[in-house]
Amino acid sequence: MTLLRRRASVSALILLALSACGDDDGVSETGLSCGPGTKAADGVCLPSATIPGVVCGEGTEDVDGVCVPSATGPGVVCGEGTEDVGGECVPTALQPGHFLSPLVQLQSLHEVGSHTDEVRVRDDDLLLNCSYTFNVIDAEDPADMEVLAGGLKHTIPGDTRTPGCKHLAWDDDLVFTTHLGNIRNPAFLSGWDISDPEAPVQLPVLQEEGISYEGVDVANHNIFVGLHGDGLGVYRYDGAVGFTRVGSLGGFTNAWGVAARDNHVFVADGVDGLVTVDATDPTAPVELGRVATGGQAKGVVVDGDFAYVAAGSAGVAVVDISDLARPVVVGRAEMPGTPLRLAYSERRLFVAAWNDVRVYDVSTPAAPTFIAAVRIPRAFEYEDPDRELPTMRTFGVAARGQDVFIGTWENPYSYRLEPDRLAPNIRLPESSARIDFGPVAVGDRKTLPLEVTNQGTAPLTLVDSWVSGSAFSVEPRQARIAPGETIELNVTYLASATDQEIGYLHITSDDPAAPVRKSYLVGNAPGVSVGAPLPATTGTMLDGTTWTSEESAGGVLLLTYFATFCPVCANHLPDTEARFWLKYKDQGLQIVALNPREPVDQIGQVQAYCDNIKVSFPVGLEETASTYAAVTSNFPGPNPFPVDVIVGKDGIVRYASHEYDPDAMTAVIEQALAE
């Protein structure tokens, strides 16, 4: 089209030049009079390149006596969003790609109980779900699942709270369930007979003094249960007598997740990694070998000669178990979240990683390759409807071929995996839910970086980044991010008032699963926020002493709040131990965990809870909860726990969030320690 327009212009100029010949004052030898810029040739007036009368206008040039558009002339002025390329104005704005999501949501079972801990799918297409209740779901068609029996609670002798469960496994029609126990719920091993899946019948309950029950699996009719510091328990179930412990194995730090295969058991043992066990004689199981995985080993699945271990801050460790006496870590899938549970199907690994579910190709087990991830927003009615919905916590995952079942904070979801689809996948820090600029004087500017990562398999185009709220701005507006790469957006606050000012950052991209992401921006926020001093805080510690925030003056403090009834806190505190305490305590980091919900007369039960989850930093109760209340007043939303506050050596709050973001916390801690 450009070439045609240029040729048409040249022809028009020649015609104009020819028509002007009759007005020329010059007279040729034949009496022909030609105008300026032309000359007589064989009785005809033609353009002359050598006659000084040829004057071309702005943006054109003399080409063989004809004025044509000039690619270099100063008259080429291209509008916004275009640039001069060869004399033509072409668009400079990045154009989005066109992608389909590799993970397609099929259904959400909103009627199923909240706080899902585990989902597992059986060969008969029953999906079993442990949450605040126990549920049996027909998942033959993942797009049309049906709850066959929902909202079931365990009746515990001498207890009126009828709890749900944390883990489950089955032996034919017998489903075994466990609960680690907390202040509101007792620890137990029980289960359900689902011979009639629409009318399950609860099995008898086993409770052993001082025992907490965690992960469970079944092989050869033996029930293997992780018992935290009490090791591995082996049980049998008989309809006439109920549960009986037939064997035990000690020597564990924190036996959590369990996978049983024939005569062998694989135990995720917290900070001590993976332990392999020979259970040929279930009455006397024998440890075969162990390997450190890093982080906190919580979940484990096995396929062939490889075990995959969900190891918290260390990602997923791939362990070669071909020699059970000498397991070896041969690969790793690192990830921003905290992997808790795993599923395996058709050479793919599915990871429940707290803030999302992730899928990896493990055709080459030692080199997991990212396929897809999905973040599920949680519905919540903010007073301000422009805020982005919070991230759903994801603790459970199951897989059957390309069918993916996700257990979230509220209810189970089903997805379809399309592994051949390439697509970008945007990831923002969880801390971006609220970007706090702290106090800024009127007229001053403050700029904070916001990392945007493309964790997908195709280039991610940020089509437009813009801010609603006149006090805030963002650069760059557009960017293209290669798979696996990260860029920084610079978000700037120009304070125009001493009172709180807010804005909303909108990031529009070609991620098919999340085409628009938002961030809440706040400057000069009131109360306990970034830039404010930490109020005087007092805790009654588990050892009977009293801790005050004054004791941490001059050091870097991570103050973290938890509750024993909070399902995520049993994962958050051990992860804090592995990720921050063990790594930075020798560099001067102090960590104090306070429970603002339990009274002092229940401190013994809080102690039992902490013994189970195995943390060694100071833990106590903030009975008045004054600092907790002051911090969380700035965080409306559905997630009251955990809450993390980082305080610098000067006593000023550097970070505060109720969304767990270990990467952001690491950056703040390292900077504060270096000051």
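Predicted model: local features only at pLDDT ≥ 70, side-chain atom pairs only at ≥ 80, totals over all residues.

Me: What makes strand 10 and strand 11 count as paired?

Reply: Pairing takes at least two bridges. Strand 10 (residues 118–121) and strand 11 (residues 126–130) are joined by four bridges, so they pass, and they run antiparallel. Across from Val121 you will find Leu127 of strand 11.

Me: How do you know that Cys130 and Cys165 form a disulfide?

Reply: The cut-off is a pair of cysteine sulfur atoms within 2.5 Å. For Cys130 and Cys165 the S to S distance is 2.0 Å, so the pair qualifies. Cys130 lies in strand 11, while Cys165 sits in the loop between strand 13 and strand 14, 35 residues apart. Both Cys130 and Cys165 are buried.

Me: Why is the disulfide of Cys130 and Cys165 called left-handed?

Reply: Look at the torsion about the S-S bond: it is about -105°, so this disulfide is left-handed.

Me: What makes Cys566, Cys569 and Cys610 buried?

Reply: Buried means under 20% relative accessible area. Cys566 has 5%, Cys569 has 0% and Cys610 has 6%. Each value is under 20%, so each cysteine counts as buried. Over the whole chain of 675 residues, 53% are buried.

Me: Which residues touch the most other members of the largest nonpolar core?

Reply: That core has 77 residues, and the ones touching the most other members are Leu559, Phe562, Phe580, Leu589 and Val645. A second, separate core has 23 residues, including Leu462 and Ile507.

Me: Which residues is Leu559 in contact with, leaving aside its neighbours within four places in sequence?

Reply: Among them are Leu534, Trp547, Val592 and Val645. They count as contacts because they have heavy atoms within 4.5 Å of Leu559.

Me: And how many helices and strands are in the chain?

Reply: The chain has five helices and 52 strands.

Terms used:
Residues numbered from 1 in each chain as written. Heavy atoms only, no water. Helix = DSSP H or I, 4+ residues; strand = E, 2+ residues; numbered from the N terminus. Core = buried A, V, L, I, M, F, W, Y, C linked by side-chain atoms within 4.5 Å. Buried < 20%, exposed > 50% of the residue type's maximum accessible area, 1.4 Å probe, protein only.
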